[in-house]
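Reader: I am new to this structure, and I would like to learn how to read a few of its features, one after another.

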Amino acid sequence: MTLIVFLISLIGGILIGIPICFSLMFSGVCMMLYLNGFNSQILSQNLFSGADSFSMMAVPFFVLTGELMNRGGITKRIVNFANAVVGHVRGGLGFVSILAILLFASIMGSAVAFTAALGAILIPMMVRAGYNRDKSTALVAAGNILSPIMPPSVPMIVFGVQAGVSVTKLFMGGIAPAVYLSAALCVVWFIVAKKGNLPTAPRQNVREIGRVLLDGIWALLLPLLILFGLRSGKFTATEAGVICVAYALIVGIFIYREFKISMLMDCLVSAAKSSSIIMFLAAAAMVSSWMMTVANIPATVTTLLSPFLSSPTLLMLVICLLVLLVGTSMDVTPTIMILTPVLLPAIKTAGIDPAYFGVVFIIVTVMGLLTPPVGTVLNVACSAGSINMERIVKAIWPFLIAEASIILLMVLFPQIVTIPMNFFSGG
């Protein structure tokens, strides 16, 4: 009955328009009242402890890094580098978009911000080259799934804190899936380019490629700096965020000279707004999470999933379908915060590696951003591509099917995730 009280209060609050963070607190209070255990002191303590985490401190730093890099000229240099490398093949600007997305994803860990930043550059560029506007917009939107997977990843930080899993290991576990998904997008775009007989661009000579590489080398070094530091254990994920902010400021001000001190306040305010939403969600989620633990809801869910516990693969498939369904109507961070404490006991009982589960869980959750009725990323991409929702939904299905196929392979063959994850993390 407590589970029903939790679901009705949470879903009811969301349906009547209460913000998710307050709906989470409301569901926690409702469970307290149902169990005759309302205590304002416990409520405030859990709110405080939800945001009081060393790992969560990485969130504002990585969000700020994305703001600084985007305004400091990094985005266009990454696009220029990708264009110099693969822009000459048929439909080359599509492959440029995928490569730029993969590189940029390792700088900005937000799917929505990433879609807005690159979409405004890449979609008009492809349309001017004679590409289909709907398919170009769909490609950029579908590529957003890479941003919360490649380190640094805000959703992985949130999951790591909620699940008590090493954030560094989650970061390292996202590298291989990001490459798989990029390859899948390339295959689909190759078919689209061949079928549509898309134009090609002139091949750039070695000298031009070298010039573009030299110009963008500082932008390309940042992902390597993050991966090397985390892989070697030189710094933690939170410390990596601080280093990235310092690096972005130095490169933007003194090397590229496109970032002005006058821009700093706008960056700080924007990053503070984005980070405060995530931090307050974390605080609110701790209230409902604590009450779920008191009410023994995770054990109840584990019991409901008990028919699947003997088959980890089947359990993962069931959970993926559940998460995808929830993700169609809820944003990434709330989905992670609500479902992680509920599903994790079943995952551990089935003997599934929590880090491996976290990587797959986050990818499936992000897929929800690409599906109606909410589809946050779809709305942002529609704005960047100047098309309506109906047109992008029709165009994005081939890319979604390719990405869903990769997720299915990761569920059927966990080794394609766990082996690279253990290698990169030194485990």
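This is a predicted model: local features need pLDDT of at least 70, side-chain atom pairs count only at pLDDT 80 or more; totals for chains, interfaces and linings use all residues.

Reader: Which residues of α18 and α20 make the contact?

Author: On the α18 side they are Y356, V360, I363, V364 and M367, and on the α20 side L400, E403, A404, I407, M410 and V411. Sorted by kind, the residues of this contact comprise 10 nonpolar, no polar and 1 charged.

Reader: At what angle do the axes of α18 and α20 cross?

Author: The axis of α18, which spans residues 354-367, comes within 11 Å of the axis of α20, and the two cross at roughly 160°. Angles over 145 degrees count as roughly antiparallel, and therefore α18 is roughly antiparallel to α20.

Reader: How should I read the backbone angle phi, and where does R257 lie?

Author: Most residues other than glycine have a negative phi. R257, which is not a glycine, has a positive phi of about 55°, and it lies in the loop between α13 (237-255) and α14 (264-294). S386 also has a positive phi, near 55°, and its place is the loop between α19 (376-385) and α20 (389-412).

Reader: Is R257 buried or exposed, and what of S386?

Author: A residue counts as exposed over 50% relative accessible area. R257 is exposed because its relative accessible area is 63%, and S386, at 56%, counts as exposed too.

Methods:
Residues are numbered from 1 along each chain as its sequence is written. Side-chain values use heavy atoms; hydrogens and water are left out. Helices (H or I, at least four residues) and strands (E, at least two) are DSSP runs, numbered from the N terminus. Buried means under 20% relative accessible area, exposed over 50%, partly exposed in between (1.4 Å probe, protein chains only). Axes are lines fitted to C-alpha atoms, for helices over the stretch in contact, and angles run from 0 to 180 degrees between N-to-C directions. Angles under 35 degrees count as roughly parallel, over 145 as roughly antiparallel, 65 to 115 as roughly perpendicular and the rest as oblique. Contact means heavy atoms within 4.5 Å. Ala, Val, Leu, Ile, Met, Phe, Trp, Tyr, Cys and Pro count as nonpolar, Asp, Glu, Lys and Arg as charged, and the others, Gly among them, as polar.
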